[in-house]
Amino acid sequence: MSERLKISLNVNNDTHACEIDARMTLADCLREKLDLTGTHLGCEHGVCGACTVLADGVSIRSCLIFAVQAQGMKITTVEGLAKDGELSPLQEAFHDNHALQCGFCTPGMLTTAEALLTENPAPTRREVESAISGNICRCTGYISIVDAIIDAAERRRQGPP
Amino acid sequence: MSKSYIGKSIRRLEDKRFLTGTGKYIDDVKLPGMASMAILRSPHAHAFITKIDMKSARAMEGVIDVFCANDLEDELPEIPLRLAPFTDFQRFLQKPLANKKVRYVGEPVAVVVAEDRYIAEDALELICLEVEPLPAIVTVQDSLKGETLIHDAAGENIGTQYSVSRGDVEAAFKGAFYTRREHFRTNRHGAVPLETRGLIAEVEPTKPLLRLHGATKVNFFNRRHLAEAFNLPESSVELIETDVGGGFGVRGELYPEDYLVPIASYRSGRPVKWIEDRRENLSATNHSRDITCEMEIAATADGNILGMRASVQGDMGAYIRTNGGVVPSKAAQFLPGPYRVPSFACDVQFLITNKTPVGTFRGPGRFEANFCRERMMDLMADDLNIDPAVLRHRNLLTPEELPYRIGELVPGDPDATLDKGDYPSALDRLLTECRYSDWIDKQDPSDGKLRSMGIACFIESSAAGPPESASITVLSTGDIEVRTGASSVGQGTETGLAQICAEYLDIEIERVEVSHGSTTLVKTGGGTFHSRNTVMAGNATRIAAKKVKEKAKELAALRWNCHPTELTYENGEVCKSPDRFTLQELATFAETRGDILSADAIFDNEKKLSYSYGAHAAQIALDITTGLVKVERYWLTEEIGRALNPAMIQGQAVGGVIQGLGGTFLDHFIYDDDGQLLTGSFADYLLPTSSELPEITAIALENFPSELNPMGFKGAGEGGIVAVAAAVGNAIARALKPYNISINELPLTPDRLREALRGAESLK
């Protein structure tokens with residue numbers, strides 16, 4: 001049996017205390033313990049990108065790290081992207097560009113794009129394609145997702161600081 | 001002002017919950033007291049089971065139950081055939097758990113139910129499976145030999161075989177100026193939705209009730225068979241649809257797990273959840289596309305086709321599952337495609353092998369048939385020195401020739417007829433878009449790459465199957481509820497049906513909420529497959545909306561003490577100038593009378609299929625040193641009758657093209673000689689990513705509304721994928737023409753092309 005640990009996680013600016021097995025992944029902890037089921041699991045071996053979350057603003061695969069390792073990090077999941085019930089410019093851009101169909105890859109796409117746009121507010125199409133190349137989408141064919149991220153970059157540049 | 005939604009790119013109603021992480025997919029559903037299930041799957045392709053030792057697993061803390069086939073009192077049911085249920089297939093049906101023998105890697109052998117998934121998976125490792133290995137059959141040739149039988153009682157490895165024909169093919173070939181014979185192969189790959197399968201079963205201890213969450217696609221069919229299997233009245237079985245992370249044909253069919261999860265719940269008395277992991281998904285969920293096709297064509301010196309004959313062999317895997325013989329039979333039926341083929345004959349064989357069973361994947365049989373036929377057209381064009389587009393034009397059925405009876409090319413299917421349309425104009429539009437006549441294949445001096453263009457034509461059937469239901473209710477809040485038996489697998493069904501409802505009721509679309517799929521919503525339903533939702537559920541919604549308007553008038557007539565024919569309906573209100581009643585007021589009035597403002601509707605197209613059609617073009621750049629192909633530009637035209645939501649149709653087309661590029665270059669289930677699946681993870685089974693995107697121009701044509709449904713829709717979900725391998729294959733073959741390399745087998749991987757190029761160089 002795995003060792004039980006009490007941990008505290010900062011997720012979407014809230015502090016959550018929970019008791020978990022040491023071997024529990026961050027993705028499972030978010031989904032099972034914190035009930036933040038927006039983070040999806042598509043492969044559980046770090047390839048599909050559906051489980052991407054932000055750790056101190058950097059995109060990481062939450063299926064590849066243990067929850068205990070995330071202590072002390074500022075974690076942002078898809079649930080933390082909208083502010084006061086209003087979709088963020090990135091989410092709006094996905095909506096307007098038909099950048100999602102089944103929605104399963106969407107949380108990982110959004111968090112990956114959020115990290116990209118924070119680091120590079122005016123990416124080229126090629127840079128966007130490269131940034132999301134580790135996120136698999138089976139429905140859209142990606143092009144509308146790239147459109148949406150380019151559109152979001154523009155909205156963020158023009159929007160309130 | 002009447003509201004107009006049909007034909008508009010309305011932003012999707014589903015999006016908000018998906019964008020905020022508040023969708024409810026099956027693994028997001030949690031029930032009190034829920035246990036977790038994991039499945040021990042065979043690591044052997046073919047073996048007798050000699051012992052399953054579950055003692056240690058049972059003793060593990062946190063384990064609730066461990067069982068194999070021998071532990072079950074009742075005989076396990078066979079998973080039924082839903083489609084193409086050909087004679088003799090009954091001998092090859094699968095039971096949910098292997099008994100005595102395993103026949104593919106991934107076949108369920110034992111089940112663990114535990115307090116959580118971590119414990120359940122630990123316990124799997126404690127189960128000791130002892131087997132006596134048997135030789136694995138991994139090719140159709142070895143299957144045919146029959147030296148090793150996979151299902152002993154059947155006495156052969158041939159699932160079934162049949163021949164179909166029309167016209168006098170022998171005579172056509174006898175006198176023909178030109179004939180050519182080629183061997184084609186489309187490799188085994190699959191749908192691989194991003195969300196793996198998953199189910200939760202709950203049973204009520206006090207009453208006969210089995211509730212299965214996570215169902216989709218064909219819930220009413222599945223309910224009927226699950227009810228039978230568990231000896232319950234249909235009314236006691238509820239299939240509940242959640243949000244679904246992609247279907248593409250594979251999700252929602254009856255699989256072993258649809259029986260095992262309820263059995264686990266019955267045995268443990270607790271709700272039980274099973275979520276497939278990706279490794280399971282790649283070996284347990286239906287594979288597809290695995291076809292070989294020996295094909296011959298006969299034509300005049302001018303390239304007018306006189307006849308085609310072929311033999312199609314499908315590698316069906318170890319069992320025949322719900323989709324029966326769809327894949328090989330549709331590959332055979334669609335071989336003549338959109339062309340005037342006066343005579344056609346095809347032998348079709350369904351061969352059992354020690355691989356994962358096969359089912360449908362987006363454009364089943366069509367993707368395969370198009371690759372074979374369209375490659376053959378290009379070979380013929382070169383042989384006869386005719387431009388590929390000109391050759392196609394000569395052979396495409398003209399508008400005057402449609403409707404065109406293609407005959408009984410699938411045993412048991414009704415006589416099939418291609419409905420009205422204009423195939424040549426769809427090709428012409430493509431040729432204009434891709435500037436075909438200006439294009440010259442060449443080795444580009446700028447980077448040394450071979451650049452070429454390939455084209456392909458296609459037809460694609462849509463809207464098959466049973467009738468579909470819709471029911472519309474106006475609530476006293478003024479909100480409108482649409483319920484349908486059709487499922488959603490993520491394609492935007494809620495938005496599409498809301499558009500139709502809002503347009504016909506002349507109301508704001510924001511008032512409409514669409515619920516779908518679950519057997520608890522409506523009395524009956526057909527489900528989601530074969531590009532049918534918009535056609536079938538769309539027309540059912542239209543009928544229900546019209547009935548709601550009539551009912552609203554009747555209610556208003558009661559209020560005004562007049563006859564309904566004196567009233568008009570506009571802007572979501574019933575009017576008797578200058579007075580008017582809103583739908584909300586009438587719904588409230590209905591409630592006071594113990595009534596509801598609601599209507600049920602069924603749309604039945606009597607199984608008459610509408611055929612979409614069009615053409616694809618691919619412009620590629622091939623690196624002759626590495627064999628790497630980049631698709632730089634892609635164009636397609638597709639006649640869809642009438643567009644409900646152009647943005648969603650564009651999404652289907654573009655998504656289909658990229659998925660098809662995966663099937664052309666990447667996706668490949670590779671087995672070794674022992675029947676081991678070598679591509680059991682996303683590190684090995686490759687899917688398209690955003691790193692190699694072509695520029696895609698997808699044009700939906702609306703020139704020929706279908707005459708088989710009042711709204712004029714044809715399906716639009718599969719035209720994007722069905723001709724991709726054909727167009728790209730043709731482009732690559734053109735580039736490689738000087739090297740005389742045959743492009744007859746998928747996938748077209750860099751290593752295959754590089755090897756062929758080296759072989760060709762060494763011959764020089």
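1. In chain B of this predicted model, five strands form an open sheet of mixed pairing in the order β7-β15-β14-β13-β8, where strands are DSSP runs of E with at least two residues, helices are runs of H or I with at least four, both numbered from the N terminus, and two strands pair if DSSP finds at least two bridges between them. The edge strands, each pairing on one side only, are β7 (158–166) and β8 (178–186) of chain B.

2. Within that sheet, β14 (residues 305–317) and β15 (residues 343–352) of chain B run parallel and are joined by ten bridges, with B:V312 standing opposite B:V348 in β15(B).

3. Helix α9 (residues 326–333) of chain B packs on the sheet and touches β7, β13 (291–299), β14 and β15 of chain B, contact meaning heavy atoms within 4.5 Å.

4. Turning to chain A, there are five helices and five strands, which run β-β-α-β-β-β-α-α-α-α from the N terminus on. Buried residues (under 20% relative accessible area, 1.4 Å probe, protein chains only; exposed is over 50%, partly exposed in between) make up 57% of the 161 residues in chain A.

5. The C-alpha atoms of chain A fill a box of roughly 50 × 35 × 25 Å along the principal axes.

6. On conventions, residues are numbered from 1 along each chain as its sequence is written, and chains are lettered from A and ligands numbered from 1 in the order in which they are written. Local features need pLDDT of at least 70, side-chain atom pairs count only at pLDDT 80 or more, and totals for chains, interfaces and linings use all residues, while side-chain values use heavy atoms, leaving out hydrogens and water.

Notes: Axes are lines fitted to C-alpha atoms, for helices over the stretch in contact, and angles run from 0 to 180 degrees between N-to-C directions.
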